[in-house]
Amino acid sequence: MWKLKLCVILIVLFSVSKRINCEDHGYFWHITDTHVDQNYSRTGNVKDMCHEDANLAENNHGSDNGLYGNFLCDAPQYLVNVTIAAMKEIHSNPDFIIWTGDNLPHTDDFYSDWDVIFEAIRNTTELLTTTFPNIPIIPCIGNHDTFPPNILPNDNTSSNIYKGYLDKAGWKDLVNESEWSNFLTGGYFSQLVKPGLRIISVNTILWYIPNNLTSDVPDPGNQFQWLEAVLKNSSQSLEKVYIIGHVPPGYYNRAYKGGETSPTMHHQHAESFTKILLKYSPIITGQFYGHVHLDMFQIFQYDTGTFKGSSILAPSVTPWHTNNNNNITLPVNPSVRLIHFSHIDSKLLDYDQYYLNLTKANSMKKVSEDPKNLYELLYTFTNFYGVPDLSTESLVKVYEELKQNETAFDLFFTFLTVGKKSVDCDNDCQVAQLCSMSCITDSEYNMCFRSSSYVVKPKLNSVVLYFCVALMITVTIMVAFYMYKKIFSSSSRNEYTRFSSI
Ligand SMILES: [Zn+2]
Ligand SMILES: [Zn+2]
C-alpha cells in the first residue's frame with residue numbers, strides 16, 4: 001500500500017514539476033543583424049568584404065576566408081542557415097521569435113533598388129517560417145533593410161514602401177491582418193503573442209540620426225501617437241508589453257579610441273520616445289534592440305534619478321567589423337540568444353547566450369552536419385552575474401558591480417564581443433561603456449561622461465597586489481644597496497680613485 005502511495009506522490013510531484021516547467025516558464029529567441037552577403041566568397045578579397053574581383057587574378061593571395069565567415073566580412077548565407085538550424089536544434093518550440101532587423105550587407109554594390117532589399121529579406125523570412133512553422137515571428141525594420149540604407153521617408157511614397165515589406169518581403173505571413181493598416185502607415189505594429197503579453201514592434205529608422213528625411217518632423221509616421229494609444233489600451237487591459245526595435249535609444253558605446261560617443265536618435269524623437277517609455281514603464285517589462293552588434297544592456301532613469309526601465313541588446317549574427325572612417329566597431333563571434341520569461345507575469349527571467357566560435361569552426365577539418373556541434377552556450381546571464389533574473393533591479397546590481405570590480409568588467413567586455421576579445425578596454429573605453437549603459441537622456445549622459453568616478457575601480461585584490469609588488473621592489477633595492485655598500489665600499493672607492501687619477 002505504501003508503495004502505491006509513494007507512486008501516487010511521485011506522479012503528482014512529477015506532473016506538478018512538469019506543469020511548472022511547461023506553463024510558468026516561457027522561451028523566445030532573439031536573432032538580429034544577420035547582414036547576409038550573397039557575394040561572400042571564400043576566395044574573395046578580404047579587403048573588399050570577401051568579394052571576388054574579376055580584375056584580380058588571385059583575390060586573397062591563396063588564403064581561405066572561411067566556410068562560416070570572416071571577421072572582416074559580412075555573413076555568408078551558409079552561416080545564417082546554420083544559425084537558424086541551431087536555434088531549431090537547441091529549442092524547437094519557443095513561444096515566439098523576435099527578429100530585430102539589418103538583413104542586408106554593409107556593402108554599396110548590393111543596394112541597387114528596393115526589390116533587391118525585399119528579395120533579400122524574403123530569404124530570411126522564408127527560412128525562419130519554414131524552420132519554425134506556426135511560431136509567431138515578430139520582425140522590425142533595420143537601417144540596412146532600406147534603400148538607400150539608413151533612410152525612410154515620411155511622405156506619400158512611404159505606404160508603398162511598407163507595402164513592399166508585407167507583399168514582397170513576406171511579412172504578410174508575420175504581421176496580423178488587423179495590423180496591416182498600422183504597418184502601411186509607418187512600418188510599426190503590435191501583436192498579442194499570448195493572453196496578457198503584447199509585443200510592440202517600433203520602426204526606429206524614422207527616428208534614426210542619419211535619416212535626414214525625418215529629422216524635422218515631430219512625429220514621423222504618427223508613430224508616437226500610435227504608440228501612446230497602444231500602451232494606453234494595454235494599460236487599461238492589464239497587459240504587459242515588450243517593445244522591440246532595431247536602434248536602441250540613448251548613446252553608442254563605440255568610443256574605443258577616446259572621445260564622446262554619439263546619440264542614436266534625433267534629439268526630439270529620443271525625447272518623445274523616452275517620455276512615453278517613462279509614462280508606461282510599469283507595464284513595459286522588456287525592451288529588445290539590435291544594431292550595435294554587441295552583447296550589452298541599458299538601464300534607464302529617464303531623468304528621474306531612479307532606474308525605471310531597461311533594455312537588452314543582442315549581439316549580431318554577422319561577425320563583421322571595420323575601423324574605417326572613425327566608425328570603429330569590434331569583431332564578434334556570430335550568436336543567437338534564448339530568453340526565458342514568466343508565463344504568469346511576463347517578467348524576464350534569464351537568457352542563454354549561444355555563439356559560434358568562428359575561428360574554431362573555420363579550422364574544423366570536417367564540415368559538421370550537426371549545427372549543435374557548432375553553436376555552444378557561452379554563458380547564462382543569472383549564473384554568470386549572480387542575480388535572480390533580468391529585471392531592471394538585477395541589471396542595476398550588475399552595472400554597480402561592473403563599476404566596482406575590474407575582473408567582472410573584463411569578463412563583461414569579453415562577452416560584449418561574444419568571446420572575441422580583440423582590444424583591451426582603457427579608461428576612455430570604460431567610461432563610454434558605462435555611460436552608454438546607464439544614460440538615455442542628454443543631461444544624464446553629459447553628467448556621466450564628465451564624471452571620472454565612472455571609471456572602473458581596480459578590484460581590492462589588484463590594489464593589494466600592486467602594493468605588495470611595489471613593497472617587494474623597494475625592499476629588494478634597499479637590501480641590494482645595503483649589501484653593495486657593505487661588501488664593495490672600500491674596493492669601489494679604490495677603483496674610483498685609481499680611474500680618476502688617469
Ligand atoms: Zn547591423
Ligand atoms: Zn543597424
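**Exercise 1. Find which residue of E2 stands opposite His 30, and place the strands around it.**

Solution. 
- His 30 stands opposite Ile 98 in E2.
- Strand E1 covers residues 25-31 and strand E2 residues 96-99. Strands (E, at least two residues) and helices (H or I, at least four) are DSSP runs, numbered from the N terminus.
- E1 and E2 run parallel and are joined by four bridges. Two strands pair if DSSP finds at least two bridges between them.
- E2 also runs parallel to strand E3 (residues 137-139), with three bridges. Trp 99 has Pro 139 in E3 as its bridge partner.

This is a predicted model: local features need pLDDT of at least 70, side-chain atom pairs count only at pLDDT 80 or more, and totals for chains, interfaces and linings use all residues. Residues are numbered from 1 along each chain as its sequence is written, while chains are lettered from A and ligands numbered from 1 in the order in which they are written.

**Exercise 2. Give the strand order of the open sheet that holds E3 and E12, and explain why these two are edges.**

Solution. 
- The order is E3-E2-E1-E10-E11-E12, six strands with mixed pairing.
- E3 and strand E12 (375-380) each have a single partner strand, so one side of each is left without a neighbour in the sheet.
- From one strand to the next, the twist averages 25°. Axes are lines fitted to C-alpha atoms, for helices over the stretch in contact, and angles run from 0 to 180 degrees between N-to-C directions.
- Look at one antiparallel pair: strand E10 (residues 335-342) and strand E11 (residues 348-356) share seven bridges. Here Leu 338 has Asp 352 in E11 as its bridge partner.

**Exercise 3. Describe how helix H2 packs against helix H3 and where H2 lies on the sheet.**

Solution. 
- Start with the axes. H2 (residues 77-90) and H3 (residues 114-131) have axes that come within 10 Å and cross at roughly 25°.
- That makes H2 roughly parallel to H3 (angles under 35 degrees count as roughly parallel, over 145 as roughly antiparallel, 65 to 115 as roughly perpendicular and the rest as oblique).
- Next, the residues. Val 80, Asn 81, Ile 84 and Lys 88 in H2 meet Thr 124, Leu 127, Leu 128 and Thr 131 in H3. Residues are in contact if their C-beta atoms, placed from the backbone, lie within 7 Å.
- Last, the sheet. H2 lies across E1, E10, E11 and E12, and runs at about 35° to E10.

**Exercise 4. Is Thr 107 buried or exposed?**

Solution. 
- Locate the residue: Thr 107 is in the loop between E2 and H3.
- Count: Thr 107 has 20 C-beta neighbours inside 10 Å, so Thr 107 counts as buried. The cut-offs are 20 or more other C-beta atoms within 10 Å for buried, 12 or fewer for exposed, and partly exposed in between.
- List contacts: apart from neighbours within four places in sequence, Thr 107 touches Asp 37 and Met 49.

Definitions and conventions. Two residues are in contact if their C-beta atoms, placed from the backbone, lie within 7 Å.
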